Amino acid sequence: MNISDLDNGTGAGAADDAAKGAAGVDESVAAELARLRDSIDNIDAAVVHMLAERFKCTQQVGHLKARHQLPPADPTREANQIARLRQLAENAKLDPAFAEKLLNFIIAEVIRHHETIAAGEE
């Protein structure tokens, strides 16, 4: 399942949409659904590429921290980032709690990478 499958919770793909169209869903509705899902797919691709770029940067941070014996985690930075992201989410009309959960997930992964780098495993 990919992120775009979450729009209706079924994991149904384009083939299922076509079958539903043949089974009585108005063609204009099926076309609009396909258009919206294409947009979702494009956004998903952009999100993945942006996350890849973010992790490239955080890997560099991890190497810098390891070279200078800095701790993998920076609780002050993390708290500031969470507050900043919550404000950005509010301004964008996105649930701030969701944005915080997402950032906490990303931060945990970054710290895990930094710990791996510091241990000399990467």
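When I say buried, I mean a residue with under 20% relative accessible area. Keep in mind that this is a predicted model.

By that cut-off, the buried residues of helix H2 are Arg37, Asp44, Phe55, Thr58, Gln59, Gly62 and Lys65. For the chain, which has 122 residues, 21% count as buried.

Now the overall layout. There are 4 helices and 0 strands, so from the N terminus the order of elements reads α-α-α-α. Among contacts between residues at least 6 apart in sequence, 62% join residues at least 24 apart.

Let me stay with H2, residues 27-67.

Next, H2 against H4. Their axes come within 9 Å and cross at roughly 40°. Angles under 35 degrees would count as roughly parallel, and 65 to 115 as roughly perpendicular; H2 and H4 are therefore oblique to each other. The crossing of H2 past H4 is right-handed.

On the H2 side, the contact is made by Leu51, Arg54, Phe55, Thr58, Gln59, Val61, Gly62, His63, Lys65 and Ala66. On the H4 side, the residues are Leu103, Ile106, Glu109, Val110, His113, His114, Ile117 and Ala118. Sorted by class, this contact has 9 nonpolar, 6 polar and 3 charged residues. Going back to the buried residues of H2, Phe55, Thr58, Gln59, Gly62 and Lys65 are on that list, and these five also take part in the contact with H4.

The other pair is H3, residues 75-91, with H4, residues 96-118. Here the axes come within 9 Å and cross at roughly 145°. H3 also passes H4 in a right-handed crossing.

From H3, the contact uses Glu78, Gln81, Ile82, Leu85, Arg86, Ala89 and Glu90. From H4, it uses Pro96, Ala97, Ala99, Glu100, Leu103, Asn104, Ile107 and Ile111. By class, that is 9 nonpolar, 2 polar and 4 charged residues.

How values were computed: Residues are numbered from 1 along each chain as its sequence is written. This is a predicted model: local features need pLDDT of at least 70, side-chain atom pairs count only at pLDDT 80 or more; totals for chains, interfaces and linings use all residues. Side-chain values use heavy atoms; hydrogens and water are left out. Axes are lines fitted to C-alpha atoms, for helices over the stretch in contact, and angles run from 0 to 180 degrees between N-to-C directions. Helices (H or I, at least four residues) and strands (E, at least two) are DSSP runs, numbered from the N terminus. A crossing is left-handed if the near helix is turned anticlockwise from the far one by less than a right angle, and right-handed if clockwise. Contact means heavy atoms within 4.5 Å. Ala, Val, Leu, Ile, Met, Phe, Trp, Tyr, Cys and Pro count as nonpolar, Asp, Glu, Lys and Arg as charged, and the others, Gly among them, as polar. Angles under 35 degrees count as roughly parallel, over 145 as roughly antiparallel, 65 to 115 as roughly perpendicular and the rest as oblique. Buried means under 20% relative accessible area, exposed over 50%, partly exposed in between (1.4 Å probe, protein chains only).
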